[in-house]
Amino acid sequence: MDFTDLTVKLASELLAHKKISAKELAQMSLDRIKQVDEKIHAFLYVAEKESAEFAQTADDLIAQGENFSLTGIPYAAKDNILVKGMQATAASKILENYTATYNATVINKLNIEQPILMGKTNLDEFAMGSSTENSAFGVTKNPYDLTRVSGGSSGGSAAAVASGEVLFSLGTDTGGSVRQPAAFCGIVGFKPTYGRASRYGLIALGSSLDQVGVFAKTVEDTSMVFQLLAGQDNYDTTTLPKPVPDYSKVLKEDLKGVRVGIPKEYFIAGIDKEVAIITQAAIKKLQELGADVTEMSLPHASYALAAYYLILPVEISANLSRFDGIRYGLSVAGNNLDEVYYNTRSQGFGPEPKRRIMIGTYASSAGYRDAYYKKAKYAQQLIRKDFTDAFEKYDVIVTPTTPTPAFKIGEKSQDPLSMYLADVFTVGTNIAGVPGMSIPAGQTQAGLPVGIQLMAGHFAEEKLFMVGHALEKTLKLKLKPNI
Amino acid sequence: MAISIDEVDRIAKLSKLTFNESEKQKLQAELSAILAYVDQLKEIEGKTVIDLVEDPDSINLMRDDVVEVTTEPEEFLKQAPSRQGNFVKVKSILE
């Protein structure tokens, strides 16, 4: 058996039938990490010792017949998600020596079933970026082409699943940070509705936009993992006490009567030719499956990126003010308290966090708040209304996930604005608060994966799983990097 | 909209960040480019103001204030760069 061919579902069945042990799975994952991570650099921390303990606990549960679908499954978590006793650097020098003192709620929820955490994965510093090139600890390379980026900000989590190091992983998605790297790495990447899953224990980027996300090789695996993460949490008052459907019951193979909207604003000039062709082919498949496909409009969608790059920096400038060298993290000496603040922040933060703190501070400062921040919040209302109106008529909206396949390392890193444009198709869902998912739709001539994005209405995640699963089954792609 | 070096200085002070001269010039150009991009939001000005519908999901979630033992203070304090007993130590603020 080749570990890199396993899915969560398959591994779970093997464990249940005692064809393999959790300990053996953990060892296979570790061997694979040792074999390929030198090349792709998905991990910032490999939990070699801890994973053996997690595997033992999982094997004990299985021996007692108390195993669940995720028991004993090797996974990874982005290094901005807190796991007690482990590092949580957010890929920043300012948190290089920080050790998490508690578990994020999503980690506690996973621990109920005891999957095996293999380590913490790379990201753009504080999840700010679209390529992991902003990591203070080096870039994560694309498993399909080592000269290209894995996407970002959750590039490490995406590359870890795509290269077969783990069977699923957690990321965070503020403007596309799960869906975009999933598209670049040829796997499934899912972001829930704002308020569907807890943010407690995620290092905050933009608190009104952040959500935890899931990476896996199939839509079914993704839904199995998210089943456990969804739901209200007393430690995050933005989560809502809405019932969570049984996602395994919604997966089916035809889409008769499903209403699919194709927003014309997302098929504009500038989109890569191969991406456009692959997206159109996937849309045709939806029609063949019985879906009712209609072109429609999200008239304010084109303002989403501009609104995002004001709302987000304003929240960043507030959230990152906690890094001051006093209670935890890096502390650089100074002659007085103010100097401690200046020195710590100036040495601890990399260029992108500084840039965004500066924009956010400017856009929310006296005299500029009305011209920038307030206008962006107003645009957000218009965009949100576009989406809520559209989801009265359509079950899902389908777009390309990204305008291009994975770009070259260094291609955009000197031009912040061109990097921001990599998120142009994904930010809308965060601005509107709706769920989104990228699934593989094909490969370019050069072998680079292309993703297609599905969006659904607030708290209608099950529609993404339903449509995504059916599309995946009919596309029958066998994407696997040669690494 | 272009911003001046003086404004870069003003924002840096508000942000508690220090930059050298070449960093300031680079920031001036980058921030100006980003602000020029977001200026497109001006286009929606004057458009029909929508009635902001009350979001049915925007509700206050209340719960009882129950004391729970979560993390021991020592766990947090171990992370502090400088401490004295059970306190985090900072530079004096008052002369």
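Colleague: Which residues is A:Phe226 in contact with, leaving aside its neighbours within four places in sequence?

Modeller: Contact means heavy atoms within 4.5 Å. By that rule A:Phe226 meets A:Phe190, A:Pro192, A:Arg196, A:Ala197, A:Val214, A:Tyr247, A:Glu461 and A:Phe465, its neighbours within four places in sequence being left aside. This is a predicted model: local features need pLDDT of at least 70, side-chain atom pairs count only at pLDDT 80 or more, and totals for chains, interfaces and linings use all residues, while side-chain values use heavy atoms, without hydrogens and water. Residues are numbered from 1 along each chain as its sequence is written; chains are lettered from A and ligands numbered from 1 in the order in which they are written.

Colleague: Where is A:Phe226 placed? And is A:Phe226 buried or exposed?

Modeller: Helices (H or I, at least four residues) and strands (E, at least two) are DSSP runs, numbered from the N terminus. A:Phe226 sits in helix 7 (residues 219–229) of chain A. Buried means under 20% relative accessible area, exposed over 50%, partly exposed in between (1.4 Å probe, protein chains only). A:Phe226 has 1% relative accessibility, so the residue counts as buried. Its C-alpha atom is 8.7 Å from that of A:Pro192, 34 residues apart along the chain.

Colleague: Which residues touch the most other members of the largest nonpolar core?

Modeller: In soluble globular proteins, nonpolar side chains tend to be buried together. A nonpolar core is a set of buried Ala, Val, Leu, Ile, Met, Phe, Trp, Tyr and Cys residues joined through side-chain atoms within 4.5 Å. Here the largest core has 169 residues, and A:Phe126 and A:Leu170 touch the most other members. Helix 9 (residues 304–319) of chain A gives the largest share of this core, eleven residues. Another core, of six residues, lies apart from it; A:Val149 and A:Phe407 are among them.

Colleague: Are A:Asp173 and A:Arg179 buried or exposed?

Modeller: A:Asp173 is buried, at 0% relative accessibility. A:Arg179 is buried, with a relative accessible area of 0%. They form a salt bridge, the closest N and O atoms being 2.8 Å apart.

Colleague: Now the interface. What is the area buried between chain B and chain A?

Modeller: Buried area is the accessible area (1.4 Å probe) that two parts lose on being put together, summed over both. Between chain B and chain A that is about 5,000 Å², with carbon and sulfur atoms giving 67%. B:Lys16, B:Leu41 and B:Gln79 supply 14% of the area that chain B buries against chain A, more than any other three residues. In contact are 52 residues of chain B and 62 of chain A.

Colleague: How many salt bridges are counted between chain B and chain A?

Modeller: Two. B:Glu30 forms a salt bridge with A:Arg355, the closest N and O atoms being 2.8 Å apart.

Technical notes:
Salt bridge = Lys/Arg side-chain N within 4 Å of Asp/Glu carboxyl O.
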